[in-house]
Amino acid sequence: MAGQDFEEMWRDLAPVGRSATSGGYFRQPWASAETELRAWFAEQCEARGLTVETDGIGNQVAWWGTGDDGVLTGSHLDSVLDGGAYDGPLGVVSALAALDTLRARGFEPGRPLGIGVFVEEEGSRFGRACLGSRLVTGATTWDQAKELRDRDGVFLADAISDAGLDPARGLLDLDRVGTFVELHVEQGRDLVDRDVAVGLASEIWPHGRWRFDFAGQANHAGTTRMEDRHDPMLSYAMTALAANKQARLAGQRATFGRIAVEPNGTNAVPSLVTAWLDARASSDGALAELVEAIERQATDRAERDGTSLTLTAESVSGSVAFDTDLAARLAGLRDWPVIPTQAGHDAGILSEAGIPTAMVFVRNPTGISHSPDERAETADCLAGVEALADVLAELAGPGQPA
């Protein structure tokens, strides 16, 4: 029955925010598709008799039972631009299906069991990953966040207001949360290589986003001699190549996936190139060394090009080690492997806030994510639902310490 419910819910979500051209998803926070998904979530929870709370910025939680020391699961419903179907929504749908599974087993929780959805996890609209959970935990303040703008210049505060929400109503209260468990599609191939459908998380690599502003001199593309140019596009291009080389040599990750060019004319040398670096590494020290090496080479190149560089750290998250005792306890239920992840998650933010946290990963047959080609087999998804149900029963069962 839970498998049937899972597939029905998945079909409900499939068309929402999907591009007819690429097949990818555009579920931007506080925009129409994401708003529709939040309404869908509320309906699903109410149909199960859960008490649904929506805070002033759109974070949601629905509880089965009352009291403190609750066990919270869930994920997010927003997507990156042209993203995949599974990143985030799989955790939400699986949480609902796991609750159905527990009820079908006749399970009665000994402590409250909640399902949550955090907004703007991807940071694809306002540039701050896990913004909803950051605000709830106090890792980011409202005064810091309200002035953020999206690519169209819309302030975060205005976007939230336009969505019919009001931060003055307050944010989710996490005081009653004793443990958080997030299920997520794996964004890599570790489980494929191990030939297992489900795993648990050991840690999240430190990662961040840095903005590189290369300033030069606009000029005519035809009449300006090559040797007379101060072209920031060259400074950026060489920096992108240098970042790739530095990351490869160190076994880390560095990606320039977004740029903005001014005046952005075909027949003009640019005056400004702004590029955003996503960098990730196996330790905080390795991340700092990687970014410093890229900055040093970017600065040297800018000096040769007659341009200038301004570097701004926009969002940086340190390494997160999940509760090792909790991971070992849960892994023992089914002998699941415990693996690291290079992707950021709301689970990392809650862990940093002092909440014992675990993650359940579902195998991704190709390892591709943040892409329309992201995949997970139905059988593996259902294995994930059963695994999550087992985990929740272990944590929220009568007499079980969370």
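This is a predicted model: local features need pLDDT of at least 70, side-chain atom pairs count only at pLDDT 80 or more; totals for chains, interfaces and linings use all residues.

I start with helix α2, residues 32–47. Several residues of α2 are buried: A33, E34, L37, R38, W40, F41, A42, Q44 and C45. Note that E34 and R38 are on that list together with W40 and F41. If you want to look at the spacing, recall that an α-helix has 3.6 residues a turn, so residues three or four places apart point the same way. After α2 comes G49, which has a positive phi, near 75 degrees.

Now the partner of α2. The axes of α2 and α3 come within 11 Å, crossing at roughly 10 degrees. An angle under 35 degrees counts as roughly parallel, so α2 is roughly parallel to α3. On the α2 side the contact uses W40, F41, Q44 and C45, and on the α3 side V92, V93 and L96. By class, that is six nonpolar residues, one polar and no charged. The four α2 residues in this contact, W40, F41, Q44 and C45, are also among the buried ones.

Next, α3 against α12. Helix α3 covers residues 89–104, and its axis and that of α12 come within 8 Å, with a crossing angle of roughly 60 degrees. The two helices are therefore oblique to each other. The crossing is right-handed. From α3 the contact takes L90, S94, A95, A97, A98, T101 and L102; from α12 it takes C381, V385, E386, L388, A389, L392 and A393. How many of these residues are nonpolar, polar and charged? There are 11 nonpolar, two polar and one charged in the contact of α3 with α12.

Helix α12, residues 378–396, also meets α10, residues 324–334. Here the axes come within 10 Å and cross at roughly 125 degrees. That makes α10 oblique to α12. α10 passes α12 in a right-handed crossing. The residues in α10 are L326, R329, L330, L333 and R334, and they meet D390, V391, E394 and L395 in α12. This contact of α10 with α12 has five nonpolar residues, no polar ones and four charged ones. For reference, the contact of α3 with α12 had one charged residue.

G17 sits in the loop between α1, residues 2–13, and α2. Is G17 buried, exposed or partly exposed? Its relative accessible area is 25%, so G17 is partly exposed. Setting aside neighbours within four places in sequence, G17 is in contact with G24, Y25, F26, R27 and A33. A33 belongs to α2 and is buried there. G17 and A31 are 14 residues apart in sequence, and their C-alpha atoms are 9.8 Å apart in space.

The other residue is S351, in helix α11, residues 346–352. The cut-off for buried is under 20% relative accessible area; S351 has 14% and therefore counts as buried. Beyond the neighbours within four places in sequence, S351 is in contact with V320, A321, F322 and T357.

That is the end of my part.

Conventions
Residues are numbered from 1 along each chain as its sequence is written. Side-chain values use heavy atoms; hydrogens and water are left out. Axes are lines fitted to C-alpha atoms, for helices over the stretch in contact, and angles run from 0 to 180 degrees between N-to-C directions. Angles under 35 degrees count as roughly parallel, over 145 as roughly antiparallel, 65 to 115 as roughly perpendicular and the rest as oblique. A crossing is left-handed if the near helix is turned anticlockwise from the far one by less than a right angle, and right-handed if clockwise. Contact means heavy atoms within 4.5 Å. Ala, Val, Leu, Ile, Met, Phe, Trp, Tyr, Cys and Pro count as nonpolar, Asp, Glu, Lys and Arg as charged, and the others, Gly among them, as polar. The expected span of a helix is 1.5 Å times one less than its number of residues. Buried means under 20% relative accessible area, exposed over 50%, partly exposed in between (1.4 Å probe, protein chains only).
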